[in-house]
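The sequence and structure are shown first, and the description follows.

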Amino acid sequence: MTVPGRTKWVARLVSATAWLLVGGAAAHIDAYPPRMPEVFLEDAELTDVFFVDPDHGWAVGDRGVILATDDGGRHWRVQPSPVPCRLESVWFSDERHGWIVGGWTHPYTHLTSGVILRTTDGGGRWEKLTRAHLPALKRVQFLDRRHGWAVGAASALFPAGVYWTDDAGLSWSSVAPLEHDGWTCADFSGPDAGVVVGRGPQVAEIRQRRLLATEAPSSGRRSGRSVRLSATGGGPVAGAHRPLGWLVGDGGLVLQTEDGGRTWRAPPTRLPGGMTTYFDFAALAVRGDRCWIAGAPGTRILHSADRGETWQVFDTGQTLPLRALSFVDDQRGWAVGALGTILATRDGGQSWTVQRSGGERAAWLGLFSSANRVPLEMVVDLSGNDGFLGAVEVLSQFGKEAGVQETSPLEDRLREAVSHAGGSSAHVPWNFPSPPGGCQLPGAKLLAGWDPQNKGRPQARLQEYLVRRIRQWRPEIIITEPTQAGDQLPLSHLVSQAVLAAVEAAADPLQESDQAILTGLEPWRVKKVFSFEGRDAPAALNLTTSQLAHRLATSVTDQAQLGWQRLHRQYHWPAQTLGFRLLVNRLSHELGPQSFFGGIALVPGSEVRRKLAPPPSQDVRSLGRLIQQRRNIEQFLRNVATSPQRSDVWLGQVEELIRGLDAQASGQVLFELARSLKDSGQLDLAVDVYDFLLNRFPNHPLSEAAVVWLVQYTGSSEARQSWVEPRPDRPEAEEQARTYAAWIRQHRPSLYAEPIVRFPLLAAERGPGSGTSGYLNSMAKQRPRDAWWRCAQSELWIASPNRAAPKPIARSQVAPQRPQLDGRLDEPFWQQAEPLTLTSRHQDDQDWPATVLLAHDDDYLYLAAQVRKAPGVEYPSCDQPRPRKAELTDRDRIEILIDVDRDYATYYRLIIDSRGWVRDECLGSPDWNPEWYVAAVQDEHHWTIEAAIAWSQLVEQPPMPGAYWALGVQRLVPGRGFQAWNHPARPRITPEGFGLLRFEKRP
């Protein structure tokens, strides 16, 4: 593409932001999430508690909160924390030497960083240990002042997720990896022995600093949340002492081991009635033969004094979820959990008193079908700015795709997003998974998919769960899904109907009475229920997102963006308004509709509302000017995306637009500007803007997402073919990619090991003597056997194909004659082509199979598909002109994903539906406009397509015989499901799951 005056525009951009170089804003920005006002620490969720003796204890939790006591908890004081991120675990070897671990998720990339804090003076000063570049951590445990363990997420640099130290945490080493989805908890019985537990739950044993898979307990989708090994019990196994242990988790999961974690079974006596049905366990303490268990709701503590032979149930006197337990002897213990709650017992758990709490219940409760439906701007307005305590429940999440290792699971990212917005709690239940492949399925099919996790009663279990959460949180108001969602959003419709029924049931003492008796949760009457109608959707109650959240010194939408960056992988334009509708009103008609809390008196500092943050240092008027400036910038950037021809005008205005913004906001503006340029097809200009962001604000939280895109773009063969034009002021793409790689090594050394960076670099440098095998061999030996491991193995196999291929291979045969594109597939070479069979991992596609065929000649790549129509799906005839960029979201369609350089990051996307209507993208941009030809034929039961695309639209030269590309082939059928030839695969494309495409020789 030709961009007149382009060099001049770049010069203007540098000039426009040059004031930052001379003190307009600080260049250094902490890469941690921004700090919230201090009052937010009062209700921050507490995740762990540890006592070294009956007097000295510590508790840690969300927003970097660290609490300490030296009088057994009669008084708790906040200790200065050097980090604002979530802290998950605390451990002390004595009253002076302690460690805390936690971490946070990076914007858009969803990679994580771990935090390790250490004190040598009882917490008077906590120091960050910065030498290690570990991912987010969930558990820390020290055996003495020098020797300890930490457990958590995995990264490319540390794929095992299990780490040990011999120097008090200054440096850490990793054990050998085992495939996992991130560990959630662990416990260690010695310097070389322990148990780690993850989702599923997956359980592994540590022996002699080796990670060994154990007999996985049968628990469905339930995840382990806490595991403890007793100091006694178990007896010798194979000549070594093997401690008794306990594991608890979702859905009342309680398991016991007598061989140190090698095998697991249910306790000898069943738990008291209802405990496995109505509780999700998260907290566990073990002393000898005794154990204590708690969770959500936090009304009950389960106790056994005899290794699970008998059980007692104790009442806590409160309902909030509990996350951790600590006992210093058989009588004295503490429990911590939601809203900063700390409970204490002096009689072995029979009675509990509240020592500290930042609130007793929620003012509002959000119940939503998926994370994408959570209106974070509303959370900012109600909780972040006005201080109403709030909790979010996202009722459904995608199940794990086999072979995909998650860097940060949804439940962690949702907690961070809600916390950044000012909310107090967020949760995702285990037993309502999203439909296969994330497709929109009718309500009946959704419920059928929940049968295995809900004993064949999914609808009843959903209502029971919602009633339990309402009675647990006791909110004044509920915000949920629209009642009119219908066929467009069947999951939303199902949730809204269930919520309305649950609101009535929660208030009725005669409904869910078993639940009330067994949990101690009393009926609760919600005063109002609102539906979130959507973004920029007209409604009776509207929230303007650009309004000032003056206690946070920013706008509602800007604060919400901090959360959206953790939930999404791509930037989305913020909505200007959010629409809400009043569904249930138990107040007077005049008071109810006015606002969310109209007619409900909740004063700051009460049981449901935090004390309001003090006014910011800036006056409201100057803050208002800054907010208006940000809105002007947003409109300006929207114009960039829609009016690319005016770039020479808008670029000259940048200086005035960003003047006065701090470094955090300035970096955000630059990131959004680059995104606008990408949206308008000006990818080459986006490179310059991202490049400026990296050089001026290397520590900005968004610089990581920027540099990842830069490496992928500059190293991409597809980008060079479709977008990049040579420029005298810019080096070759391969050299640019190496420059960005050097930036990563300097500023984000752990990122350099990630395959989303290294595979694009390998693709850019691929060739004789490129020296790429070292990284690939390292991955092949050290990484768990996930999709990226197969990518590495495939590269090594292509270089030396002396064994079975690690990935599926599609073979494109040579077409001896050019086919007539009529959709009939009657040429002989089509009959001889090797079909690619598309399948569903959920085996729900027997009556709608599909196959795809590939062939080529010197001029074209040919594609064909033979597809059986899915029952109950509409297949309109093509009775109008075929559009160039059709919207195919609600159509049965085939997607061909072509990655010509095997970087597993950038690819061509060719989409064809049953009518032969098409949509095409390159690097996610629909502005790619290749010339290709499609014919389609359909009858009552089948549809067939035949297509041809010239090599010149894909590559500079046709591939040589024996060449390999990466290939993804998948089919999406709205209302039915998802199929793919390659796995792992899902509608949100997973490039590392692509198979291989081999171009065969002429016969």
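## Cavities, helix pairs and backbone features

The model described here is predicted. The volume of this largest cavity is about 640 Å³. Its lining comprises 15 nonpolar, eight polar and 17 charged residues.

A total of 24 residues line the second largest cavity, and Ala 136, Lys 138, Ser 408, Pro 409 and Asp 412 lie nearest its centre. Two or more lining residues are given by each of strand S5 (86-92), strand S6 (98-105), strand S9 (137-142) and helix H4 (410-421). Strand S6 supplies the largest share of this lining, four residues. Sorted by class, the lining of the second largest cavity has seven nonpolar, eight polar and nine charged residues.

### Two helix pairs

The angle between the axes and the distance between the axes describe two packed helices. The table gives these values for two pairs.

| Helix pair | Residues | Axis angle | Axis distance |
|---|---|---|---|
| H3 and H9 | 376-385 and 556-567 | roughly 130° | within 8 Å |
| H15 and H18 | 703-714 and 755-765 | about 25° | 8 Å |

At roughly 130°, H3 and H9 are therefore oblique to each other. Their crossing is right-handed. On the H3 side, the contact is made by Leu 376, Glu 377 and Val 380, while H9 contributes Val 556, Thr 557, Gln 559, Ala 560, Gly 563, Trp 564 and Leu 567. By class, this contact of H3 with H9 consists of six nonpolar, three polar and one charged residues.

The second pair, H15 and H18, packs at an angle of about 25°. Angles under 35 degrees count as roughly parallel, so H15 is roughly parallel to H18. The crossing of H15 and H18 is left-handed. Val 708, Val 711 and Gln 712 of H15 meet Ile 756, Val 757, Pro 760 and Leu 761 of H18 in the contact. The contact of H15 with H18 has six nonpolar residues, one polar residue and no charged residues.

### Backbone features

Most residues other than glycine have a negative phi, and most peptide bonds are trans. Several positions in this model depart from that pattern, as follows.

The peptide bond from Gly 200 to Pro 201 is cis, and its omega is near -15°. Pro 201 is placed in the loop between strand S14 (193-198) and strand S15 (203-207). Another cis peptide bond joins His 983 and Pro 984, with omega about 5°. Pro 984 belongs to the loop between strand S49 (977-980) and strand S50 (995-999).

Gln 208, a residue other than glycine, has a positive phi near 50°. This residue, Gln 208, is found in the loop between S15 and strand S16 (210-213).

Conventions. Residues numbered from 1 in each chain as written. Predicted model: local features only at pLDDT ≥ 70, side-chain atom pairs only at ≥ 80, totals over all residues. Heavy atoms only, no water. 1 Å grid on protein atoms, 1.4 Å probe; cavity = no way out; pocket = protein on both sides within 12 Å on 5 of 7 lines; lining within 4 Å. Points joined across faces, edges and corners; volume = space filled by probe spheres on them. Nonpolar A, V, L, I, M, F, W, Y, C, P; charged D, E, K, R; others polar. Axes fitted to C-alpha atoms, helices over the stretch in contact; angles between N-to-C directions. Parallel < 35°, antiparallel > 145°, perpendicular 65-115°, else oblique. Left-handed = near helix turned anticlockwise from the far one by under 90°. Contact = heavy atoms within 4.5 Å.
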